[in-house]
Amino acid sequence: MAAEVSKLRRLYPGEKLETCFQWPFESLDGLESSFNVQEYLQQLIRTDPSNVAEIVELPENVDNEVWQYEHLRQVCLELSLLVVALESECTKENCPEMKADGWLYLCAAHPSTQSCPAIDYIIHTLDGATMLLNNSKYFPSRISVPEPSLKHFQSIARRLYRIFAHAYFHHREIYEYFENDTSLYARFLLLSQAYNLIPPSLVSIPSQSSDADENEPEDEYDRNIQSSNSSAIFLPTSTE
């Protein structure tokens, strides 16, 4: 009986933060739950959030569409913490528009697509992605993803990327503090690259390995490829 009690994975009311989740690491097969893939993913993140390669690697006997789905759900959950960190600085006065690296992003949460303050855009984007991922019409099960619903992954990933990009280019100190603690962008980028969720031309945050190439001229085609997306407008740099 004592052995069974020790295996209970529960968070109890009033439990201190430092004692939360202090249970043994379980294999995916050992997690007897309808949400075992989500629990396994969160377990990997708690063990070492900086080990993004292990976190993104597809486990055996897990459908890769389900793995992408659970990752995107988790990214939305963790990005809400970045929103809290941004709120004091990313105000409607400081950031009246959603911009990143020369792009102005229009929000589709309104009756007609329009510009709105960055913090509103970010919240609208997270709300929209969360509602879509929890919509039983498109995602009726946690063990399989209908093929017609796969198209939503790229759309969600592109919009989530804009949140990282805005934080990086306009609130660098907050972004770096958050990223050093969570490695969320590194994980999200690796996931996007592994499953082709975001075209390389849309990746605007420089990687550490590309720092040495910062002075190289940018390919004009790559720079303007986003123009096919009506919700993104490139703002040319003023020469005045």
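1. The largest nonpolar core has 62 residues, of which Trp67, Leu79, Leu82, Leu126, Leu160, Phe164 and Phe188 touch the most other members. A nonpolar core here is a set of buried Ala, Val, Leu, Ile, Met, Phe, Trp, Tyr and Cys residues joined through side-chain atoms within 4.5 Å; buried means under 20% relative accessible area, exposed over 50%, and partly exposed in between (1.4 Å probe, protein chains only). In soluble globular proteins, nonpolar side chains tend to be buried together.

2. The model is predicted: local features need pLDDT of at least 70 and side-chain atom pairs count only at pLDDT 80 or more, while totals for chains, interfaces and linings use all residues. Residues are numbered from 1 along each chain as its sequence is written, and side-chain values use heavy atoms, with hydrogens and water left out.

3. Leu160, one of the core residues named above, is in contact (heavy atoms within 4.5 Å) with Leu72, Val75, Cys76, Leu79, Thr125, Leu126, Ala129 and Phe188, leaving aside neighbours within four places in sequence.

4. Helix α2 (residues 36-47) and α4 pack with their axes 10 Å apart, at an angle of about 55°. Axes are lines fitted to C-alpha atoms, for helices over the stretch in contact, and angles run from 0 to 180 degrees between N-to-C directions. Helices are DSSP runs (H or I, at least four residues), numbered from the N terminus. The pair is therefore oblique, the class left after roughly parallel (under 35 degrees), roughly antiparallel (over 145) and roughly perpendicular (65 to 115).

5. On the α2 side of this contact are Val37, Gln38, Tyr40, Leu41, Gln42, Leu44 and Ile45; α4 contributes Val66, Trp67, Glu70, His71, Arg73, Gln74, Leu77 and Glu78. These residues divide into 8 nonpolar, 4 polar and 3 charged, where Ala, Val, Leu, Ile, Met, Phe, Trp, Tyr, Cys and Pro count as nonpolar, Asp, Glu, Lys and Arg as charged, and the others, Gly among them, as polar.

6. Pro59 lies in the loop between α3 (52-56) and α4 (64-86). Pro59 counts as buried because its relative accessibility is 13%. Not counting residues up to four places away in sequence, Pro59 touches Leu28, Tyr40 and Trp67.

7. Ala165 sits in helix α6 (residues 151-170) and, at 1% relative accessibility, counts as buried. Beyond four places in sequence, Ala165 is in contact with Ala100, Ser204 and Ile205.

Key
Helices (H or I, at least four residues) and strands (E, at least two) are DSSP runs, numbered from the N terminus.
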